[in-house]
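Please look through the sequence and the three-dimensional structure shown here before reading the report.

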Amino acid sequence: MILILFCVSFTVLLFACNKRTDVKEGDSFIYCLDEDRTGLVKVAYSMEGKEPLDLAQAVLKELKRPAEEIAYTTVLPKDVEVQSCELKGSILYVDFNENYLKIDGLEEKLVRAAVVQSLLQIDGISGVRFHVEGEELKDSEGQEIGMMNADDFVQNTGSSPSSYQSASLTLYFANEKGDKLVEQTMDVKYSSNISREKLIVEKLMQGPKKSGAYPTINPSANLLGVTIKDGICYVNFDSEFLNSTYDVLPEVTIYSIVNSLVEGTSASEVQITVNGESNAVYMEQVDLKHPLKPDMEWTQQ
C-alpha cells in the first residue's frame, strides 16, 4: 500500500513538473489562448523532423485539439476548419471556412495572433496570409489584413493586440505612361502594432485608391520584412519582386518605394533586398547593392 501511494504521488508530482505551459528558454512551443481567452499562453510543442508545410499543417491541427490543462484553451473553435494550407516561398497561405468570420471581435484578433505566431515558430515560414473561402481576410474596417509577421502582434503573453490608429500617408505611384511618379495622399486606419514603414510598403503593394495613378510593384511579390536601423530602411522581398508585371520603368518602381519611405518615416535611405540578399539588379537597370536616396526627379511635375 505504501509503495502504491508512493508511485501515485510520484506520478502526480511528475505530471505537475511537466506541464505544457512550463515553457523554458530554448524550448519549442506554440501559442494558445489563456483560460479566460483574453491573452496568449506559450504551450510546449515539438517542431522537429518535418518539412515546413507538413509542420504547419500539424500545428494548425494541434491548435484545434482540446486543451490538456486548465491554464490554456484551444485556439480554433470546433466549427472553424482549415480548407487549404499552401507555402509559396516562405509565405504560408491559410484558407479557412466561413465560420472563421463568426469569431467575435477581440477574440478573433487573439485567435489570429496565436495562429500566426505559432506558425512563425517554424523554420522556413516568415509570413502568413489568411483567406476565408478564398477571399483575403479583412478587418472590422473593411481593410485587407494582408501578410502578417511577428511585428503585427504584441509579443508579451497575457496581453491582447492593440487598437487601431489613423494616419495620412504620402505615396508615390506610376503615371499613365509608367515613366514618372505621381504623388497621392492616402488616409488609412491600421493596427498600432504595425510599423509605419511596413504599412507604407503594404499600401504601395496594394496600389492606388484614386484615379490618375497606377501600381508599381508586382502583386505576386511577398514582403518578408521592413525595419529601420541607423537611418536606413531595409525592405526585404521574395524573388517574385524581380518579375515586373506592369509596364513601368524600373526606376519608377524602385523610387516609388524609396521616395514613399523617406517621405513617411525617419529613414534617409532605403536598402532593398531580395530574400535577404543585396546583390540583385532590378530589371537589369537598377543596382540594389547599396542603399538608395530619394530622387524626386522621377516625380511628374
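## The model and its overall make-up

This is a predicted model, in which local features need pLDDT of at least 70 and side-chain atom pairs count only at pLDDT 80 or more, while totals for chains, interfaces and linings use all residues. Residues are numbered from 1 along each chain as its sequence is written, and side-chain values use heavy atoms, with hydrogens and water left out.

The protein has 5 helices and 14 strands, where helices (H or I, at least four residues) and strands (E, at least two) are DSSP runs numbered from the N terminus. Of its 301 residues, 48% count as buried, a word that stands for under 20% relative accessible area, as against exposed for over 50% and partly exposed for values in between (1.4 Å probe, protein chains only).

## A sheet and its helices

An open sheet is formed by 4 strands in the order β4-β5-β6-β7, with mixed pairing; two strands pair if DSSP finds at least two bridges between them. Because β4 (82–88) and β7 (135–136) stand at the edges with a single partner strand each, one side of each has no neighbour in the sheet. Strand β6 (residues 127–132) and β7 run antiparallel and are joined by 2 bridges, and V132 stands opposite E135 in β7.

Helix α3 (residues 105–119) packs on the sheet, touching β5 and β6, and its direction makes about 135 degrees with that of β6. Contact here means heavy atoms within 4.5 Å, and the angles run from 0 to 180 degrees between N-to-C directions, with axes fitted to C-alpha atoms, for helices over the stretch in contact.

## A lined cavity

On a 1 Å grid over the protein atoms alone, a cavity is a set of points where a 1.4 Å probe fits but cannot get out, and lining residues have an atom within 4 Å of a point. The lining of the second largest cavity includes R20, I30, E62 and Y72, and its residues divide into 8 nonpolar, 1 polar and 3 charged, with Ala, Val, Leu, Ile, Met, Phe, Trp, Tyr, Cys and Pro counted as nonpolar, Asp, Glu, Lys and Arg as charged, and the others, Gly among them, as polar.

## Two loop residues with positive phi

D230, in the loop between β10 (223–229) and β11 (232–237), has a phi near 55 degrees, a positive value in a residue other than glycine. D230 is exposed, with a relative accessible area of 73%.

N275 lies in the loop between β12 (269–274) and β13 (281–282) and has a positive phi of about 55 degrees, although it is not a glycine. At 45% relative accessibility, N275 counts as partly exposed.

Definitions and conventions
1 Å grid on protein atoms, 1.4 Å probe; cavity = no way out; pocket = protein on both sides within 12 Å on 5 of 7 lines; lining within 4 Å.
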